[in-house]
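Notebook open, viewer open. I want to go through aromatic rings, charged pairs and one loop, and jot down what I look up.

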Amino acid sequence: MHRYSLQLTWTGNLGQGTADYRSYSRDYSVSCDDKPVLFGSSDPSFRGDPKRWNPEELLLASITACHKLWYLHLCADAGIVVTDYVDTASATMERGNDGVTRITSVELRPVVTVAAGHDRELALALHGRANDECFIANSVRFPITHQPQIVGWE
C-alpha cells in the first residue's frame, strides 16, 4: 500500500467568502513537502484564472505522466532504447444524459524516438501494456486511447 498526502489551500476569498457565485476567486495552491507550490484555479469557463492549472488539466497530466513512466519502464525491460518522448494529449469533458458533467475520454498521442535497430512493433505494443499497468488509468471510468508514433528506427 502506498499513501499520498498534500495540502490544498483555497486562496480565493476576496473579502466576502462565498456570499454569491461571483464574489470569490477559484484560486488555490497545492503544496507537498519540499516540492514547488502548484497554483490552480478552475477552468476559465467556470470563472477560473487561465494562467493557473485547472483540475481537468491536472487529471490529464497525471494520466499522461503515468503512461509515459510505465512505457519507459517496459521499454527498458524489453531492451528498447527510447531517446525521446513527447505526448500531445487531450481530454473531452461532456454533460451526460444524467445531467452530470464528467471527463468522458482521454487520447494520448505520444511520439517516441527509439534508437536504430529496435523492434518497432514491440515498441508500439508496449503502449497497450503501459495502459494496463498505469495506476491512474486503472483508477478512472472513461476510455483512454492511444495513437502512438514510433520514430527514429532503421
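My entries follow, one topic at a time.

**Entry 1: what I'm looking at.** This is a predicted model, so I keep in mind that local features need pLDDT of at least 70.

**Entry 2: aromatic pairs.** How many aromatic pairs does the structure hold? I get three, and I wrote up two of them, W70 with F135 and Y71 with Y85.

I started with W70 and F135. Their ring centres are 5.7 Å apart and the planes sit at 85 degrees, so I logged the pair as edge-to-face, the cut-off for that being over 60. W70 is in helix α1 (residues 55-78), while F135 is in the loop between α2 (120-133) and β8 (144-146), so this pair ties together parts 65 residues apart in sequence. Then I checked burial. W70 comes out at 19% relative accessibility and therefore counts as buried, with the limit at under 20%. F135 has 56% and counts as exposed.

Next came Y71 and Y85. Here the centres are 5.9 Å apart and the planes are at 50 degrees, so I put this pair down as tilted. Y71 is in helix α1 and Y85 is in strand β4 (residues 82-87), so the link is between distant parts of the chain, 14 residues apart.

**Entry 3: the loop between β1 and β2.** I looked up T11 and found it in the loop between β1 and β2. T11 has 43% relative accessibility, so I noted it as partly exposed. Which residues does T11 touch, leaving aside neighbours within four places in sequence? My list reads D27, Y28, S29 and R52. I also took the C-alpha distance from T11 to Y24, which is 9.4 Å for two residues 13 apart along the chain.

Y21 is found in that loop too, between β1 (7-10) and β2 (28-31). Its relative accessibility is 46%, which means partly exposed.

R26 was worth a line of its own. R26 lies over the face of Y21, at 4.4 Å from the ring centre. R26 also lies over the face of Y24, with 3.9 Å to that ring centre.

**Entry 4: salt bridges.** A reminder to myself: side chains of opposite charge can pair when their charged atoms come close. I count five salt bridges in the structure.

D49 and R52 meet in one of them, at 3.7 Å from N to O. D49 is partly exposed, with a relative accessible area of 24%.

R102 pairs with D98, and the closest N and O atoms are 3.0 Å apart. R102 is partly exposed at 28% relative accessible area, whereas D98 counts as exposed at 52%.

E121 and R120 form another salt bridge, 3.2 Å from N to O. What is the relative accessible area of E121? I read 52%, so E121 is exposed. R120 has 30% and is partly exposed.

Key:
Residues are numbered from 1 along each chain as its sequence is written. This is a predicted model: local features need pLDDT of at least 70, side-chain atom pairs count only at pLDDT 80 or more; totals for chains, interfaces and linings use all residues. Side-chain values use heavy atoms; hydrogens and water are left out. Helices (H or I, at least four residues) and strands (E, at least two) are DSSP runs, numbered from the N terminus. Buried means under 20% relative accessible area, exposed over 50%, partly exposed in between (1.4 Å probe, protein chains only). Contact means heavy atoms within 4.5 Å. Rings of Phe, Tyr and Trp (its six-membered ring) pair if their centres lie within 6.5 Å; planes under 30 degrees apart count as stacked, over 60 as edge-to-face and the rest as tilted. A charge sits over a ring if NZ of Lys or CZ of Arg is within 6 Å of the ring centre and within 35 degrees of the ring normal. A salt bridge is a side-chain nitrogen of Lys or Arg within 4 Å of a carboxyl oxygen of Asp or Glu.
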